[in-house]
Amino acid sequence: EPEESLARLDISKLTIRLTDAPKPLPDLKTLVFGVSFSDHMATTSFHPATGWSTPEIKPYAPLTLDPASSCFQYGCNVFEGMKAYLGPDSKARLFRPELNMRRLERSMERLALPPINGDAVLELIKRFVQIEKRWIPKLPGYSFYLRPTVIGTRAELGPAASDQAVLYIIACPSGPYWSHPASLLAVNDTVRAWPGGTGGHKVGGNYSPGFLPQREASAQGYNQVLWLFGEEQRVMEAGAMNVFVVVRRADGDGLDVLTPPLDGMILPGVTRASCLELAADPTFHAHISIDGSIEGTTLYPGERVFTLSDLERWSTSGDLVEFLCVGTAAVVAAVHDIGFDGRVVVRVPTYPDDPNGLGPVGRALREQILAVQEGRKEYKG
Ligand code: PMP
């Protein structure tokens with residue numbers, strides 16, 4: 001907590017300066033993710049003598065920063081990714097944004113950035129979304145992606161915690177991520193996260209080391225990297241998404257819906273938490289129908305370690321039902337095969353009848369989450 005004398009972020013004094021040159025909205029048919037930013041940005045900065053400054057919403061513009069700033073030198077950067085959706089009632093909605101705010105507070109703490117009150121950041125985000133409302137696409141499957149970012153701005157080369165920071169929020173319209181089942185390349189020569197590292201936090205430095213293996217995966221014709229960990233080749237995450245595996249239970253009673261546990265190496269995704277909670281809700285099970293025959297299959301959600309060889313075994317025995325990638329961008333997406341060491345080692349059943357190639361559990365999870373996001377349903381956790 002900042003000392004009493006330091007100002008906490010206070011939204012009541014927000015200043016708003018609107019652009020006099022609003023941009024044309026991008027054509028949604030040719031929209032590329034993360035390229036067309038909206039008219040404004042929200043900002044506030046922290047100084048050790050005064051705390052968080054009066055927040056501002058102002059026209060989107062470059063930042064001016066000292067080249068010695070710790071964000072450039074030592075990677076003191078954290079961010080969040082969340083979406084605003086327009087409901088059938090034309091109201092803008094955020095999906096469980098308190099979870100993003102808690103995660104932002106924790107990420108900042110992990111990098112010893114100045115502390116912030118996430119509730120006030122959320123208020124700032126809500127005011128920003130209201131101002132940018134015309135940028136939220138009205139088409140189903142589309143949304144307005146928000147990127148709250150905090151950078152360390154201490155302009156000294158001594159490698160120490162940044163006692164100064166800038167928080168800004170930028171945003172862009174975004175469309176459906178993948179509609180085809182993806183292929184993953186499992187890698188074990190590079191790791192995304194390790195015990196005691198920062199994998200469980202949303203810090204910028206977790207991402208750039210993944211770009212080289214991602215380039216290699218693309219060169220081999222795969223969509224994303226499947227991150228493994230350790231000698232036993234534990235399955236961790238796919239690209240910047242959490243993963244779930246759906247497996248038939250040995251006793252034939254229902255399906256295990258498994259995701260790796262939050263051991264500090266897994267990013268605690270909002271979508272991941274929502275999938276686990278939905279899969280634990282007996283009223284949700286009624287939506288699951290396997291082969292169109294068994295209505296209301298029981299699901300057994302669990303946070304459990306599983307390995308690449310578990311996946312190979314389940315795929316060979318025919319017990320592997322689905323492999324899913326989940327996250328804000330993709331919501332819930334299907335995987336059809338996993339490659340490793342030059343060959344495909346896991347084949348996941350395909351579901352060509354589903355528009356996204358999702359199996360029974362993935363389809364129901366995606367539908368329920370989208371219904372809440374788009375304001376057709378209230379979230380019941
Ligand atoms: N893993 C990583 C590494 C991520 O960057 C993200 C995106 N925040 C996720 C998982 C999914 O998290 P969420 O559901 O909160 O978007």
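A: In this predicted model, C172 is buried, with a relative accessible area of 3%. C325 is in no disulfide, and the nearest cysteine sulfur, that of C275, is 11 Å away. A disulfide needs two cysteine sulfur atoms within 2.5 Å, and the structure as a whole holds zero disulfides. C325 also counts as buried, because its relative accessibility is 0%, and the cut-off for buried is under 20%.

Next comes the pocket. The largest pocket has a volume of about 870 Å³. Its lining consists of 32 residues, and those nearest the centre are K202, Y207, G239, A240 and M241. By class, 15 of the lining residues are nonpolar, twelve are polar and five are charged. At least two lining residues come from each of β8 (143-152), α4, β11 (224-229), β13 (241-248), α5 (270-279) and β18 (320-327). Of these, β11 gives the largest share, with three residues.

The loop residue is A193, placed between β10 (182-187) and α4 (211-219). A193 has a relative accessible area of 7%, so it is buried. Leaving aside residues up to four places away in sequence, A193 touches G199, F229 and M265. For A193 and M265, the separation is 72 residues in sequence, while their C-alpha atoms are 5.3 Å apart in space.

Notes
Residues numbered from 1 in each chain as written. Predicted model: local features only at pLDDT ≥ 70, side-chain atom pairs only at ≥ 80, totals over all residues. Heavy atoms only, no water. Helix = DSSP H or I, 4+ residues; strand = E, 2+ residues; numbered from the N terminus. Buried < 20%, exposed > 50% of the residue type's maximum accessible area, 1.4 Å probe, protein only. Contact = heavy atoms within 4.5 Å. 1 Å grid on protein atoms, 1.4 Å probe; cavity = no way out; pocket = protein on both sides within 12 Å on 5 of 7 lines; lining within 4 Å. Points joined across faces, edges and corners; volume = space filled by probe spheres on them. Nonpolar A, V, L, I, M, F, W, Y, C, P; charged D, E, K, R; others polar.
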